[in-house]
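Have the structure open as you read.

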Amino acid sequence: MSEDRTYSARSGEGFARLVKVLVLLIPVFLIGYLIFANFIASQEFSYVYDIGQEGESYLTPSERISEVVNEEDVDYRNVAGHLVYFDVPIARGIERVRVKMRIKNNLPAGGKASIGARDQEEWHYNSHLVYDPSLDVGNLDRVGNVYRVNPDAGVVDFSTLRELEDVTIATDEDFGLVENIVLDYRPEETVIDTTLRGGHVFYLYAGGDLSIEVKKRDLNWYVGSDEIIMFLSDAQGNLVGFMEVGDDGDVSGEKELGPVQRGNLLARDLEEGVYKLEISDFDGLITEIKVNTNKIVAEKVFLADSSAYRVDTKQSQLYFDYNGDVKVRMITHHAGGLQKVLINQSGAVSAFDFNVEDESMFLDLSAGRSVLTFTKNDIVLESQEYFTFIENGYFKPFKQKVVPLGSEDWIMDGVDYIVTDYVAPKEDGEWLIVEGGFDIVDDGLYVSEKGTLSLMFNLPYLSKEENAEHVVPIDWIEIEVYKPGVWDK
Amino acid sequence: MKLFKGLSAEIVSYLFQTLLATYLIFLLLEQILGGLASVYMNLNYFLVIVIVLGVLDVFSEVKVKEKERVKKRDYVFVSVLGIIGLIVIRYKTLELGWLSWAISVIAGVLVVFLGLLVLEDKDG
């Protein structure tokens, strides 16, 4: 009897030990699974956010999202603001994110949509077009995501494209501008005494200590202060200096031309290269810019040496020197700005009759050096290419000219290549399925400490006042994320 | 009322302790490396299982254990826990600068003191 009891106790202990081992295997298995899933296996996850379900709407801010709407067996919510956001969990090692959205095909003509992924800790998003009916890349020859638009250009891949010169590229990707080295750069004083209206952007080639002196006069046409802020950044967009010139003390709108005010920006020990100078918009005139480099160009200027702005009317000149044909857009908003524009191309002088007010007129310049002379000014001039104010001041800042995909037609007409991952939306009855993709590392996306990526849906046309009543229904959002395994890398 | 007695009580208690420790480790890893566990398993479901087992354990027979003598390795274990606590809190409060050091050291010392209190508990 006692032997039986001993045997029973022993077998009970053995069973307990076996169960304990099995129990211990649970955390071992779970930890093993996490190691396998996080570091070894390739995984593809799919998250579906049913926007039309009651309760969680997934999209923020809530004031831009409607309550659930039911229509013909489809539950959805309306987006009533041009920017809405949603988060997606990003596991360790995930490399690619693909976003699909089912939206109602009710966007107006010219309406575009894009999806952005946050790429900085601050508010900054890397956006990809997902809806643009004007963008038809289906019939273009391509290598990867590089589409050849100009039939005279070769079909090239991305790395070859970055080495090509004198080509214009339209893209919604972060292309990364390739700087040129300018051999005839000299650190000598250059004065631009052409009067300009409002904010402007210039590209300079400089090294060492760069000094920029700006003179401004407030027009005081509109109520409010008229300070300017000058930002100087390198070709990668890093800020290297800034400076502010305050208001002239007159915040009225009585059209009293203010006194000359000066501002100096000095950036020391710069590496030789391309720098971007941005002067913020203001209700006034830039009457003089003095820089200690002989290379300074712009893409768009508002020539204002005109009595319309209470300064003497005097002629001004702009210099072009591009290897290909160039289109120049001009527009004026005053009859006094209508004029004959003189064109000097390698000694051959002609005149362009700029005779329409409030409408863009286009001037085509053939390859080579051209000098445009404006006798009356009061004209906004913009080109796909760079131009300068002084003889020999021209330089090409970058190997390629890069413009945003979806730019105005006259700019897109001059494009040689398109770089995009754009996928034409698929029609699904009255709905569209739009999609866009991101690469976590290559696009430098910002994944929060909690392991989430913020995504943004952008409908730019909804920001315009005339479209304030318009809404875009969203049915669902599907997010696919891909994590390569150890052996897939 | 005891739902489980003897061997089954021992198994429930062991299962609860093991899963609780596993859950706490996953929670700690999740705090340090966000998404490490939560992307692949729902920690809330895990917590529900742990709570249910905890409730069952409460209603299980408890074997009266003799108080064991505190060994040197117990003090080492408590010290290691204090150091781990210090490192985790320092990592999570990095952006606070010198304040981060103060908080981490105080937290580490508290962990060690609490550990010693448990070890030295005369009634335990």
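1. Polar side of the interface. Between chain B and chain A, three residue pairs are in polar contact, both at pLDDT 80 or more (a pair of N or O atoms within 3.5 Å; within protein, one must be able to donate a hydrogen and the other to accept it, and residues adjacent in sequence count only if both atoms are side-chain atoms). On the part of chain B touching chain A, helix α1 (residues 6-32) of chain B gives the largest share, nine residues (helices are DSSP runs of H or I, at least four residues, numbered from the N terminus).

2. Salt bridge. The rule finds one across this interface (a side-chain nitrogen of Lys or Arg within 4 Å of a carboxyl oxygen of Asp or Glu). Lys20(A) pairs with Glu10(B), with the closest N and O atoms 3.2 Å apart.

3. Extent. The contact (heavy atoms within 4.5 Å) takes 25 residues from chain A and 19 residues from chain B. About 1900 Å² is buried between the two chains, 74% of it on carbon and sulfur atoms (accessible area, 1.4 Å probe, lost on being put together, summed over both).

4. Chain B itself. Its secondary structure is four helices and zero strands. Of its 124 residues, 28% count as buried (under 20% relative accessible area, 1.4 Å probe, protein chains only). In α1(B), the buried ones include Phe16(B), Leu19(B), Tyr23(B) and Phe26(B).

5. Caveats. This is a predicted model: local features need pLDDT of at least 70, side-chain atom pairs count only at pLDDT 80 or more, and totals for chains, interfaces and linings use all residues. Residues are numbered from 1 along each chain as its sequence is written, chains are lettered from A and ligands numbered from 1 in the order in which they are written, and side-chain values use heavy atoms, with hydrogens and water left out.

How values were computed. Helices (H or I, at least four residues) and strands (E, at least two) are DSSP runs, numbered from the N terminus. Buried means under 20% relative accessible area, exposed over 50%, partly exposed in between (1.4 Å probe, protein chains only).
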